[in-house]
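Student: I would like to go through this structure by question and answer. Please show it first.

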Amino acid sequence: MTAPYTGGCQCGSVRYAVTTEPIRLLACHCQECQRQSGSAFGMSMSVKKDNLTVTGLTKQFARSADSGNEVTGVFCPECGVRIYHVLASAPDIVALKPGTLDDTSWLRPRSFIWMKSAQGWVSVPDDVKTFERQT
Ligand SMILES: [Zn+2]
Ligand SMILES: [Zn+2]
């Protein structure tokens, strides 16, 4: 796969395009990502904010992370699907939720973080680096 990459929410009112290759891709097993995704872990695909174009109305939700950093989640107000989040400490980078891409077949996380709270059944592929907490 090569850029641009397109994606959107479940109801289709929010759409986006990423115009360059992602900076990194990881799976986060922290409890906030489990709660946010309603699943086992969250995936984050980091891209430069300038390389992301979003169309459609979005809403925001901010919370404090364990690190003390403020995290702002951006989501579709109609269907509730999270599109990306931004850290207050790195406002130029957005962490896109890559499960919202139209084609997810090429995704391959390089690292798993927050393994200390990973669900017990999760196994780690050979080429994936693990971290007990943050990278
Ligand atoms: Zn939607
Ligand atoms: Zn997390």
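Tutor: Buried means under 20% relative accessible area, exposed over 50%, and partly exposed in between, with a 1.4 Å probe and protein chains only. This is a predicted model, in which local features need pLDDT of at least 70, side-chain atom pairs count only at pLDDT 80 or more, and totals for chains, interfaces and linings use all residues. Residues are numbered from 1 along each chain as its sequence is written, chains are lettered from A and ligands numbered from 1 in the order in which they are written, and side-chain values use heavy atoms, with hydrogens and water left out.

Student: Is Pro109 buried or exposed?

Tutor: The relative accessible area of Pro109 is 17%. The cut-off for buried is under 20%. Pro109 is therefore buried.

Student: Which residues does Pro109 touch, not counting residues up to four places away in sequence?

Tutor: Pro109 sits in the loop between strand E9 (93–96) and strand E10 (111–113). Strands are DSSP runs of at least two residues, helices (H or I) of at least four, numbered from the N terminus. Contact means heavy atoms within 4.5 Å. The residues touched by Pro109 are Leu25, Leu26, Ala27, Met43 and Val128.

Student: Which residues coordinate the zinc ion (ligand 2)?

Tutor: Donors are N, O and S atoms within 2.8 Å of the metal (3.2 Å for Na, K and Ca); water is not among the atoms, so sites may look incomplete. Along the chain, the donors of this zinc ion follow the spacing C-x1-C-x2-C. At 2.1 to 2.3 Å, the zinc ion (ligand 2) is coordinated by Cys28 (SG), Cys30 (SG) and Cys33 (SG).

Student: Why does Cys33 count as buried?

Tutor: Buried requires a value under 20%. Cys33 counts as buried because its relative accessibility is 11%.

Student: Which element gives the most to the lining of the largest pocket?

Tutor: A pocket is an open set of points on a 1 Å grid over the protein atoms alone, with protein on both sides within 12 Å along at least five of seven lines; lining residues have an atom within 4 Å of a point. The largest pocket is lined by 34 residues. With 5 residues, the element that gives the most is H1.

Student: Which elements give two or more residues to the lining of the second largest pocket?

Tutor: Gln36, Ser37, Arg82, Lys97 and Thr100 lie nearest the centre of the second largest pocket, which is lined by 13 residues. The elements giving two or more are H1 and E4.

Notes. 1 Å grid on protein atoms, 1.4 Å probe; cavity = no way out; pocket = protein on both sides within 12 Å on 5 of 7 lines; lining within 4 Å.
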